[in-house]
Amino acid sequence: MTQRNLLEVDWTRIPAPADDGGAAHLKGMTLPPVSLLATDDTSVALSALRGRTVVFAYPRTGEPGKIALVDDWDIIPGARGCTPQTCAFRDLFAELKAAGAAQVFGLSTQSNAYQTEMASRLHLPFPVLSDEKLALTRALNLPTMEVAGLTLIKRLALIVDDARITHVFYPVFPPDRNAGDVLDWLKANPAKGLSRD
């Protein structure tokens, strides 16, 4: 199936993911000292960042006009919507920063080269991290799905305060509302006593 417009999705026709408990253990965890390659050509260890960090993870962004990973991608609960989710974080980036996010990152298991093309095409104001080797995914035991022989992170968002996970959004549906939900949470839960950049 060729992917048409990646942003125009009728969410009533897409199956919502169920809460399988796959992220229940994350709240309160301290991030491990794992460094990931970012689309701005830096190496980022989320555990070393001070202040409030927002990390949103997704299975896999598509490319317009290219063939989908599998024909039934849209009917896999939680698969469709990575580009709308990412663009929503892009569009609310300034507001997320104003609401206390010292930094915002996207995260997937796609290669850095793939992510860099996507970040450029979508004009992202934040880096996207590649966990292609599954180092962070395994260290945190993030919820994953297996599609076409690939391990993909199930869609979620983390609020991290001084390297400790303080809130988890999971499951996330519809994906394009995730950034707005994160923004609402940040406004309702201002960071107190956190380190500053």
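**View 1. Strands β3 and β4 of a predicted model, joined around A57 and L107.** In this predicted model, the bridge partner of A57 is L107, which belongs to β4. The strands β3 and β4 run parallel and are joined by five bridges, where strands are DSSP runs of type E with at least two residues, helices are DSSP runs of type H or I with at least four residues, and both are numbered from the N terminus. Residues are numbered from 1 along each chain as its sequence is written, and side-chain values use heavy atoms, with hydrogens and water left out. Because the model is predicted, local features need pLDDT of at least 70 and side-chain atom pairs count only at pLDDT 80 or more, while totals for chains, interfaces and linings use all residues.

**View 2. The open sheet of seven strands.** The strands follow the order β2-β1-β5-β4-β3-β8-β9 with mixed pairing, two strands being paired if DSSP finds at least two bridges between them. At the edges are β2 (43-45) and β9 (164-169), each of which pairs on one side only. From one strand to the next, the twist averages 35°.

View 3. Eight of the 10 residues of helix α1 (residues 82-91) are buried, so the helix is largely enclosed by the rest of the structure; buried means under 20% relative accessible area, with a 1.4 Å probe and protein chains only. These buried residues are C82, T83, P84, Q85, T86, C87, A88 and F89. The elements that cover them include β3 (52-57), α2 (93-98), β4 (103-108), α3 (112-121), β8 (156-161) and α5 (178-188). Helix α1 lies across β3, β4 and β8 and runs at about 155° to β3, where axes are lines fitted to C-alpha atoms, for helices over the stretch in contact, and angles run from 0 to 180 degrees between N-to-C directions.

View 4. Helix α3 lies across β1 (35-38), β4 and β5 (128-130), running at about 165° to β5. S130 lies in strand β5 and counts as buried because its relative accessibility is 8%. When its neighbours within four places in sequence are left aside, S130 is in contact (heavy atoms within 4.5 Å) with L36, L37, S108, Q110, S111, N112 and Q115.

**View 5. The hairpin of β6 and β7.** Strand β6 (residues 144-147) and strand β7 (residues 150-153) pair in the antiparallel sense over four bridges, and T144 stands opposite I153 in β7. Two residues lie between the strands of this hairpin, and A148 in the turn has a positive phi of about 50°.

Technical notes
Buried < 20%, exposed > 50% of the residue type's maximum accessible area, 1.4 Å probe, protein only.
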